[in-house]
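Here are my notes on the model, in numbered points. Have it open beside you as you read.

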Amino acid sequence: MRVKIAAIVEETPLVKYFDLVSADGALPLPAHTCGAHIAVPVVLPDGSRDTRSYSIVNPPAYRGFYRLAVHREKEGKGGSAYMHEQLRVGDEFEIDAPKNHFELVSNAAEYILIAGGIGITPILCMASQLVMEARPFTLHYAARQPELMAFRNDVLGRCGERARLWFDGGDPAKGMDLNEILREWRPGLHVYVCGPAGLIDAVLAISSSCGWPETAVH
């Protein structure tokens with residue numbers, strides 16, 4: 001399907017978000033679910049073409065557009081640089097329908113949502129959905145500094161006291177207290193994590209040592 005860029009917003013000095021709508025206003029965009037992503041075509045510095053997958057930030061109830069957030073990677077291969085430097089409002093391109101390999105289970109009694117950096121994109125979608133459904137959850141979100149935390153105001157505005165923000169200034173010792181967050185599993189409790197590999201690995205290791213079943217860790 002063909003989409004066009006309706007808006008580009010600088011969320012932080014390193015993160016821009018892009019709102020995509022149907023290029024043909026008569027055709028609605030396919031529905032998506034929390035945790036879904038789409039693949040966007042990019043042109044790399046050597047002229048070759050590739051795709052980059054980005055999670056959809058807006059919850060399924062916010063129909064008619066897909067919001068994608070892109071962190072500009074200084075050491076990347078050029079996909080995020082293309083998104084930041086070359087794309088303009090009104091540009092059009094082809095995408096496939098959203099895919100989801102990070103589905104939010106509907107039968108959980110309670111959720112812990114953990115995000116680091118740009119990993120907030122699918123996690124904010126989940127949190128927004130859980131707020132609308134009045135489901136119990138807590139959200140833990142880490143970044144180096146407040147000014148680098150994408151969607152900080154959205155997180156606080158939607159989640160309120162259910163959200164805790166962590167700022168480590170680059171010092172892991174001041175980071176998220178995962179041992180405390182994950183210390184006790186109980187039936188019906190699920191944890192979702194998205195972010196840097198180190199954060200994901202830590203959640204997997206600590207949840208395992210605390211007796212979490214694999215089926216409750218996403």
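1. A134 is not a glycine, and its place is in the loop between α2 (120-132) and β8. For background, most residues other than glycine have a negative phi, and most peptide bonds are trans. A134 is exposed, with a relative accessible area of 64% (buried is under 20% relative accessible area, exposed over 50%, partly exposed in between, with a 1.4 Å probe and protein chains only). Helices here are DSSP runs of H or I with at least four residues, strands are runs of E with at least two, and both are numbered from the N terminus.

2. Keep in mind that this is a predicted model: local features need pLDDT of at least 70, side-chain atom pairs count only at pLDDT 80 or more, and totals for chains, interfaces and linings use all residues. Residues are numbered from 1 along each chain as its sequence is written, and side-chain values use heavy atoms, with hydrogens and water left out.

3. Back to α2 itself. Of its 13 residues, 11 are buried, so the helix is largely enclosed by the rest of the structure. The buried set includes I120, P122, C125 and L130. What covers them includes β4 (49-55), β5 (66-71), β7, β8, α3 and β10. The end C-alpha atoms of α2 are 18 Å apart, which agrees with the 18 Å its 13 residues should span at 1.5 Å a residue (the expected span is 1.5 Å times one less than the number of residues).

4. Is F151 buried or exposed? F151 is buried, with a relative accessible area of 3%.

5. On to the strands. β8 (residues 137-143) pairs with β9 in the parallel sense, over 5 bridges (two strands pair if DSSP finds at least two bridges between them). From β8 the chain passes through helix α3 (residues 152-159) to β9, a right-handed β-α-β crossover (right-handed if, with the strands pointing away from the viewer, the path from the first strand over the helix to the second runs clockwise). Across the pair, H140 stands opposite R164 in β9.

6. Beyond β9, G175 sits in the loop between β9 (163-167) and α4 (178-181). Leaving out residues up to four places away in sequence, G175 touches W166 and D168 (contact means heavy atoms within 4.5 Å).

7. Helix α5 (residues 197-209) has L199, V203, I206 and S207 as its buried residues. Seen down the axis of α5, they fall within an arc of 100 degrees, so they line one face of the helix (the arc is that of the directions from the helix axis to the C-beta atoms). They pack against β7 (110-116), α4 and β10 (189-194). On the other side of α5, A197, G198, S208 and S209 are exposed. After α5 comes G211, with a positive phi near 85 degrees.

8. Last, the overall picture: the protein chain has 5 helices and 10 strands, and 45% of its 218 residues count as buried. Its C-alpha trace spans about 50 × 35 × 30 Å along the principal axes.
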